[in-house]
Amino acid sequence: MKKRRFYALWLAIVLLGGVGIGSFAYTSSLNQEKMKEQIIMQQNRLFVEGFFNFETTNQRYKAIRPYTTEKGYRSTFPSGIELPPDSEIHSTVSDMKAYLQHDPSSDKNQTEVLNKFSLTTEFNGIGSVQTIVMKTVLLDEGRGDGWKVDDIEMIIQNTH
């Protein structure tokens, strides 16, 4: 009788230990995914703010360089080929909301973020406000330099 209790107790401890370890591994995995999402969203925000909060076009392109791949950097050029000439334009982002898109079938090293924000621009003393919806594609190239914008797509630009 004592042997049965011993084995029953031992079996219960082993099962509970296994459940506890499995639960810890699952929680750890969720925490890692949450940290990854926070890093992606931070890099996305730094890019959007650098790209749209500027005084000159040269300042704009210096600000975004650390947050883009080479392809992503070139995707921001108006012609897609070369940097635009320097000009004085004051631009500011406000009311930014970003939405991380989860696509289980996509590459784990690539993710998309949908951004919606108000953009106030002033050029030659004339100001305008636009609502922008823009998609950014972020890529982790596995070189240890983290998530970077690899492509952008302007979806909507409404002038108020």
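Modeller: Let's start with salt bridges, meaning a side-chain nitrogen of Lys or Arg within 4 Å of a carboxyl oxygen of Asp or Glu. By that rule the count here is eight. Bear in mind that this is a predicted model, where local features need pLDDT of at least 70, side-chain atom pairs count only at pLDDT 80 or more, and totals for chains, interfaces and linings use all residues. Residues are numbered from 1 along each chain as its sequence is written, and side-chain values use heavy atoms, with hydrogens and water left out.

Biologist: Ok, which residue does R45 meet in a salt bridge?

Modeller: That's E49, at 3.3 Å from N to O. R45 and E49 both lie in helix 1, residues 2-52, and they're four residues apart, about one turn of the helix. Helices here are DSSP runs of H or I with at least four residues, strands are runs of E with at least two, and both are numbered from the N terminus.

Biologist: What does K135 form a salt bridge with?

Modeller: With E153, and the closest N and O atoms are 3.4 Å apart. K135 lies in strand 4 and E153 in strand 5 (residues 147-159), so the pair ties together parts that are 18 residues apart in sequence. K135 is buried at 18%, whereas E153 is partly exposed at 40%.

Biologist: How many bridges do strand 3 and strand 4 have?

Modeller: They pair over 14 bridges, and strand 4 covers residues 126-140. Strand 2 (residues 88-101) pairs with strand 3 (residues 110-123) over 10 bridges, and T92 stands opposite T120.

Biologist: What about the hairpin of strand 3 and strand 4?

Modeller: There are two residues between the strands, and N124 takes a positive phi near 55 degrees.

Biologist: Now rings! How many aromatic pairs are there?

Modeller: Seven. Rings of Phe, Tyr and Trp (its six-membered ring) pair if their centres lie within 6.5 Å; planes under 30 degrees apart count as stacked, over 60 as edge-to-face and the rest as tilted. F52 and F117 have ring centres 5.0 Å apart and planes at 55 degrees, so that pair is tilted. F52 is in helix 1 and F117 in strand 3, 65 residues apart, and both are buried.

Biologist: Which residues do the ring pairs link into a cluster?

Modeller: F47, F51, F52, Y61, Y73, F77 and F117.

Biologist: What sits over the ring of F51?

Modeller: The charged end of R60, 3.8 Å from the ring centre. For that, NZ of Lys or CZ of Arg must be within 6 Å of the ring centre and within 35 degrees of the ring normal. R65 also lies over the face of Y73, at 4.2 Å from the ring centre.

Definitions and conventions: Two strands pair if DSSP finds at least two bridges between them. Buried means under 20% relative accessible area, exposed over 50%, partly exposed in between (1.4 Å probe, protein chains only).
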